[in-house]
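Student: Could we go through this one together, starting from the inside and working along the strands?

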Amino acid sequence: MGQDDEENKRLAFADYWDDRYLETDGDGQLHEWFRSFKDLDQFFARHLYEAHPPSAAPRILHLGSGDSTVPQDLAGRGYSNQLCVDFSAVAVETMSKRHADHGLSDKIEWKKLDVRCMEQDISDTSIDVAFDKGTLDAMIHGSPWSPPEDTIANTGKYLREVSRVLKPSGIFLYVTFRQPHFVKPILDCEGTDWDIETETLGGSEGSFGYTGIACKPRAH
C-alpha cells in the first residue's frame with residue numbers, strides 16, 4: 001500500500017479532521033471541497049430550488065459539512081430548516097459559533113455525529129434533502145475496480161443511513177470528483193434502492209471535472 005493510500009485511509013477518522021480544522025481561526029475557511037456554492041447553482045436549481053423551494057421549508061441535512069459556506073449560502077436564499085452534522089468536534093464548535101455570530105442559529109443547527117450512525121439523533125424518513133460534497137469520497141480509498149473491505153463497510157453504513165433518514169419524496173445530492181462508473185456500484189449498496197441521475201458540473205480552473213449525482217428513493 002502506497003503512502004497516498006495510507007493518507008487517504010486517515011480521512012475516515014475524526015481525529016484527522018480535528019487536526020485540520022484546528023488550523024482555522026475566526027472566519028478563515030480551510031476547505032470548500034470540489035465546488036463552490038456559485039459553481040453548484042445550476043445543480044441546485046434543478047434538484048433543490050424547484051422541487052424543494054424555501055417556501056416549503058424542507059429539512060436539509062448537510063452530511064460532513066465541515067466549514068463549507070453552502071449552508072450559509074442556502075440560508076441567504078431563504079432555507080431556514082437546515083441541520084449540519086460532522087464528526088469533528090472542532091468543526092462543529094467552530095461553525096456553530098460562526099453561524100451564531102452571523103445570526104443564523106435559528107436557521108442552521110449543528111450536531112456532532114458520525115454519518116455512519118445517526119439513529120439516535122435523526123429519525124427515519126425525516127429529511128427532504130441530504131447533501132454531500134466530499135464526505136462519501138473521504139471514505140473511499142484503494143483500487144476503484146476492487147475497493148477494500150473497509151471502504152465497502154464504511155460507505156455501506158453511511159449510505160444505508162442516508163436512505164433511512166430520507167423521506168420517500170426526498171433526494172440525496174452528492175458531488176464527487178470520482179467517475180460515475182466507479183461510484184454507482186458503491187451507491188447501489190445492499191439496503192439502498194435509488195433512481196440515480198448524473199451530470200457533469202464542469203472543471204475547477206478549467207482543468208478538472210466534477211460530477212453531480214442526484215439519488216431519489218425508488219417508489220415501491
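**Strand 4 and the cores**

Tutor: Keeping in mind that this is a predicted model, I would start with strand 4, where 7 of the 7 residues are buried, so the strand is largely enclosed by the rest of the structure.

Student: Which strands pair with strand 4, and in what sense?

Tutor: Strand 1 pairs with strand 4 in the parallel sense over 3 bridges, while strand 5 also runs parallel to strand 4 and is joined to it by 6 bridges.

Student: Which residue stands opposite Phe 131, and which opposite Ile 127?

Tutor: Phe 131 in strand 4 has His 62 opposite, and Ile 127 stands opposite Leu 166 in strand 5.

Student: Switching to the largest nonpolar core, which residues touch the most other members?

Tutor: That core has 27 residues, and those touching the most other members are Leu 61, Leu 63, Tyr 158, Phe 172 and Leu 187. Among the elements that give two or more residues to this core are strand 1 (60–63), strand 4 (127–133), strand 5 (166–176) and helix 8 (180–187), and the largest share, 4 residues, comes from helix 7.

Student: What does Phe 172 touch?

Tutor: Leaving aside residues up to four places away in sequence, the contacts of Phe 172 include Leu 63, Ala 130, Asp 132, Tyr 158, Leu 187, Trp 194 and Cys 215.

Student: How many residues are in the other core?

Tutor: There are 19 residues in that other core, which lies apart from the largest one and has Leu 48, Val 70, Val 129 and Ala 214 among its members.

Note on methods: Residues numbered from 1 in each chain as written. Predicted model: local features only at pLDDT ≥ 70, side-chain atom pairs only at ≥ 80, totals over all residues. Heavy atoms only, no water. Core = buried A, V, L, I, M, F, W, Y, C linked by side-chain atoms within 4.5 Å. Buried < 20%, exposed > 50% of the residue type's maximum accessible area, 1.4 Å probe, protein only. Contact = heavy atoms within 4.5 Å. Pairing = 2+ DSSP bridges.
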